[in-house]
Amino acid sequence: MNHRTHPVVTTTQGPVRGLRQGGVATFLNIPYAAPPRGAARFAAPRPHEPWDGIRDATTPGPNAPQPARKLGRLDMSPYFGAGWSRGEDYLTVNVWAPADADGDLPVMVFVHGGGFVAGSTRSALYDGSAFARDGVVLVTLNYRLGVGGFLDLPGAPANRGLLDVLAALRWVRANIAAFGGAPHNVTLFGQSAGATIVGGVLATPEAGGLFHRAIVQSGSGLGAFTPEQAARVTGAAARALGIEPHVDAFARIPDARLVEAVSALAGTDLRTATHHDPLIGLSPFSLVLDTQPAESLAAGPGADVDLLVGTNTEEGNLYLVPVDAYATATRADVDAIAARVHPDPDRLVDTYRGTRPRAAFGELRSAILGDALFGAGSRALADAHADRSGGATYAYEFAWRSRAVDGQLGAAHAVELPFVFDLTHLPRLHGADALLGPDRPPAGLASRVHETWIQFARTGDPGWDPYDTARRATMRVDADWTQIDDPRGQEHRAWT
């Protein structure tokens, strides 16, 4: 890489011009696959055509079609970004690298969350400058969302959003050395829906050799829909649009109408005789698989990679506190959520009540919701990896509590992200109704979390004991870091 203000790097499709600021070189909006136009919106990703001249990579590009997302009183704009930035050529990556990188640096590739329907590389929380500052080449990527990415359509390949992630990883393997990265040392990591996709990639044989370590932040190895559940969503989408449930009919519908149709899918009942809805109605889209990633992990590259997997202590608070459903929760609410997620709801509620004898109904409801969405599936993934993998397994629990939204948000879903990206200084994250609340986080916590993620990417060891199914050693991350064996074990065992 040269050392000018606007460094130029040559990729397999052509040269790109980025921007150097201080010691960081940034390259935005680089295509890794062809624009998904027309019928190609529902096809597997294809290589991008080469371009003539030098492509500008100094400004953000478009992102996947998506509806606007809000979450009650909590300002989640740093997470979701500004919504849909229109344009067809959105299967792109952003790259941050040390400006003087000359090769062989660890590479980290991030997959954003957003319920499989929202999010993008434009979100403020995914600025990779701190990673580049600390000697990592950081890549973020856009992938197809909603109907285009995850609706299971006859005549179309399934899990097109996941196929996009695989295409981006192939782009990284072919191009990242030109940015100073080591294609033989790639860590794939993601959060929420992005983490569930990472779990799916772990179990995908075609992903072999594309990455070497993985981090799953608040995802689930049990979060995929069955084909029967996915077919219900497809039928509902076809009825909402007044078309046949086949790819040829969907290919004639413009993106704006497909985005509008997503709202009509809310409340689709996905419970079957043998399966509950793993997303509990929070999203009508997920991976669609015959076997959950935690159950098929040994068949994919996950059998050979090092894995760091974890959740936040109060994941469920994000979905209750901002919409005033936490403080007002009743015993009926607790019983209702248990009935939606467990075959023996009375036993489940008794278990949580037994471990939390003084808990209010809001705390019980949140704990069951968070474990149904993320905790049980993360533990299943960690257990499967520890049992069947040649790579090391590590676990964490992020426990620092945000005092946002009247002091109630706590260690909710997504609160760890500013710490991972070392961005806790961003003004938009601070305030009574901002993600990190009105208080400053403990000094040094962000730098330590960030450095731990990098250490794992470099070495495969985050700095504590490996996880196995006997001890289940887990690092609890707070102002003080404490290693605990089998945290919340009785609650977690209630799911098996």
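**Entry 1: helix H8**

I began with helix H8, residues 255–262, and found Leu 258, Val 259, Ala 261 and Val 262 buried. I then checked where these residues point: they cover an arc of only 160° around the axis, which puts them on the same side of H8. I noted that this is a predicted model. Next I looked up what the buried residues of H8 pack against, and listed helix H3 (146–150), helix H6 (227–241) and helix H7 (247–250).

**Entry 2: the sheet**

I turned to the strands. In what order do the 11 strands of the open sheet lie? I wrote down E3-E4-E6-E8-E7-E9-E10-E11-E12-E13-E14, with mixed pairing. The edges are strand E3 (19–21) and strand E14 (482–485), and each of them pairs on one side only.

Strand E4 (residues 24–31) and strand E6 (residues 92–98) run antiparallel and are joined by six bridges. Within this pair I located Pro 31, which stands opposite Thr 92 in E6.

**Entry 3: helices on the sheet**

Which strands does H13 touch where it packs on the sheet? I found strand E10 (213–217), strand E11 (306–312) and strand E12 (393–398). The direction of H13 makes about 160° with that of E11.

H16 packs on the sheet as well. I listed its contacts as strand E7 (105–111), strand E9 (181–191), E10, E11, E12 and strand E13 (473–477). For H16 the angle with the direction of E10 is about 145°.

**Entry 4: helix H13 by itself**

I went back to H13, which covers residues 361–388 and has 28 residues. From its first C-alpha to its last it reaches 38 Å, close to the 40 Å expected at 1.5 Å a residue. I also noted a bend of about 55° in H13 at Asp 371. Is H13 largely enclosed or largely open? I counted 22 of its 28 residues as buried, so H13 is largely enclosed by the rest of the structure.

**Entry 5: Thr 424**

Last I looked up a single residue. Thr 424 sits in the loop between helix H15 (417–420) and helix H16 (445–459).

Conventions. Residues numbered from 1 in each chain as written. Predicted model: local features only at pLDDT ≥ 70, side-chain atom pairs only at ≥ 80, totals over all residues. Heavy atoms only, no water. Helix = DSSP H or I, 4+ residues; strand = E, 2+ residues; numbered from the N terminus. Expected span 1.5 Å × (residues − 1). Bend = angle between axes of the 7 residues up to and from the residue. Buried < 20%, exposed > 50% of the residue type's maximum accessible area, 1.4 Å probe, protein only. Arc of directions from axis to C-beta. Contact = heavy atoms within 4.5 Å. Pairing = 2+ DSSP bridges. Axes fitted to C-alpha atoms, helices over the stretch in contact; angles between N-to-C directions.
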